[in-house]
Amino acid sequence: MEPESLAKSPRGEPALNCSTALRFPSSGMSEIFLYQVDSADLLITVDAAWLEFAQKNLARDLVRENILGKPIWSFFSGYQVEEVYGSLFRRVRLKQQPIVLPFRCDSPTERRLMELNLSPLVEGGIHLESTMVQVERRKAVPLFDYAVRRSKEFVIVCSWCKKIRVADEWLEVEVAVERLGLFHVPTFPQLSHGICPPCKAEALGR
Ligand SMILES: [Zn+2]
C-alpha cells in the first residue's frame with residue numbers, strides 16, 4: 001500500500017509535526033523537521049524532511065524553489081491543522097516567546113518522545129523545529145507498520161500523542177490493539193489522523 005493513502009485518509013489530515021505519517025526512518029535515527037514562515041505564513045525555509053513530507057503528500061516533483069514563498073496552508077489544510085497551528089502561530093507572535101510542545105513520532109518498534117519548538121523570528125516570522133527527546137524500544141506494533149495489509153476500516157490516531165481512539169477513549173497503541181484484537185490479524189485498519197482532547201487543549205493553550 002502506498003504511504004500516501006494512509007497519510008491522507010478520507011477523514012484524516014497529515015501530521016505537520018511528524019512525518020511518521022509517511023515513513024518510519026530506521027531505528028535510532030534522529031529526525032529533525034524544520035521550517036520557517038514569515039509574518040504572512042509564507043514559507044521561507046524548509047529542511048529535507050519537510051520537503052519529503054510535501055513531495056509525498058502533494059507531488060513527487062515538488063522542488064524547494066516551488067515551495068518557498070507559498071502559504072504554509074496551501075500545503076497543510078484541514079480544519080484541525082489550521083485551528084491548532086493557527087493558534088500556536090498567534091500565541092508566538094503575540095507573546096514573542098517560544099512555545100515547546102511534547103509529541104510522539106512513533107515507529108512500530110519505538111516510542112519516540114519529541115518536542116515541537118516554535119520560536120519568534122524578526123518581523124512576525126516563526127521558526128518551527130522538531131527535536132528527539134527520548135526513544136524507548138518496544139515489542140513491534142503492526143498497526144504502525146506500513147508493510148501490513150490494510151482493510152477499508154479506519155482507526156483514528158492522535159497526531160500529537162499517537163493514542164488511538166477506541167469508542168470514546170483515547171488509549172496508548174499497545175492497549176488499543178489489545179482492546180481491538182489487532183495483533184495477529186490478516187488486515188489492519190487504516191490510520192486516520194485526528195487530535196485527542198487533551199492534546200488539543202494543550203496545543204490551543206487552554
Ligand atoms: Zn493526543
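## Close-up views of a predicted model

**Figure 1. Strand E1 and its two partners.** Gln-36 stands opposite His-127 in E5. The model shown here is predicted. E1 and E5 run antiparallel and are joined by five bridges. E1 also pairs with E2, again in the antiparallel sense, over three bridges. In that pairing, Tyr-35 stands opposite Val-46 in E2. Five residues lie between the strands of the E1 and E2 hairpin, and Asp-41 takes a positive phi near 65° there.

**Figure 2. The two faces of strand E1.** Strand E1 covers residues 33–37. In a regular strand, side chains alternate between the two faces of the sheet. Which residues of E1 point to the buried face? They are Phe-33, Tyr-35 and Val-37.

**Figure 3. The five-stranded open sheet.** The strand order is E2-E1-E5-E4-E3, with antiparallel pairing. Strand E2 (43–46) and strand E3 (99–104) are the edge strands, and each pairs on one side only. On average, neighbouring strands of this sheet are turned by 20° against each other, direction ignored. Pro-102 stands opposite Glu-115 in E4.

Figure 4. Gln-96 sits in the loop between H4 and E3. Its phi is near 55°, a positive value in a residue other than glycine. Is Gln-96 buried or exposed? Gln-96 counts as exposed because it has 10 C-beta neighbours inside 10 Å, and 12 or fewer is the cut-off for exposed.

Figure 5. Lys-139 lies in the loop between strand E5 (126–137) and strand E6 (150–158). Lys-139 is exposed, with 8 other C-beta atoms within 10 Å.

Figure 6. Lys-162 is found in the loop between E6 and E7. Its phi is positive, near 65°, in a residue other than glycine. Why does Lys-162 count as buried? Lys-162 is buried because 25 other C-beta atoms lie within 10 Å, and the cut-off for buried is 20 or more. Lys-162 is also among the contacts of Val-173.

**Figure 7. Helix H5 and what covers it.** H5 spans residues 173–180, and its buried residues are Val-173, Ala-176 and Val-177. Seen down the helix axis, these buried residues fall within an arc of 95°, so they line one face of H5. An α-helix has 3.6 residues a turn, so residues three or four places apart point the same way. The cover over the buried residues of H5 includes strand E7 (164–166) and strand E8 (169–171). Just after H5, Gly-181 takes a positive phi of about 65°.

**Figure 8. The largest nonpolar core.** This core has 39 residues, and Cys-158 and Val-173 have the most contacts inside it. Helix H4 (residues 79–95) gives the largest share of the core, five residues. What does Val-173 contact, leaving aside its neighbours within four places in sequence? Its contacts are Val-141, Leu-143, Phe-144, Lys-162 and Ile-164.

**Figure 9. The whole chain, for orientation.** The protein chain has six helices and nine strands. Buried residues make up 32% of its 206 residues. Among contacts between residues at least 6 apart in sequence, 64% join residues at least 24 apart.

Figure 10. The mean pLDDT of the protein chain is 81. Of its residues, 82% reach 70 or more. Among the elements, E8 has the highest mean pLDDT (97). Helix H1 (residues 3–7) has the lowest (34). The pLDDT is below 50 over residues 1–13, a stretch with 31 contacts in the model beyond near neighbours in sequence. Over residues 19–30 the pLDDT is also below 50, and that stretch has 25 such contacts. Where pLDDT is low, the predicted coordinates should not be read in detail.

How values were computed
Residues numbered from 1 in each chain as written. Predicted model: local features only at pLDDT ≥ 70, side-chain atom pairs only at ≥ 80, totals over all residues. Helix = DSSP H or I, 4+ residues; strand = E, 2+ residues; numbered from the N terminus. Core = buried A, V, L, I, M, F, W, Y, C linked by C-beta atoms within 7 Å. Contact = placed C-beta atoms within 7 Å. Arc of directions from axis to C-beta. Pairing = 2+ DSSP bridges. Axes fitted to C-alpha atoms, helices over the stretch in contact; angles between N-to-C directions. pLDDT = per-residue confidence, 0-100.
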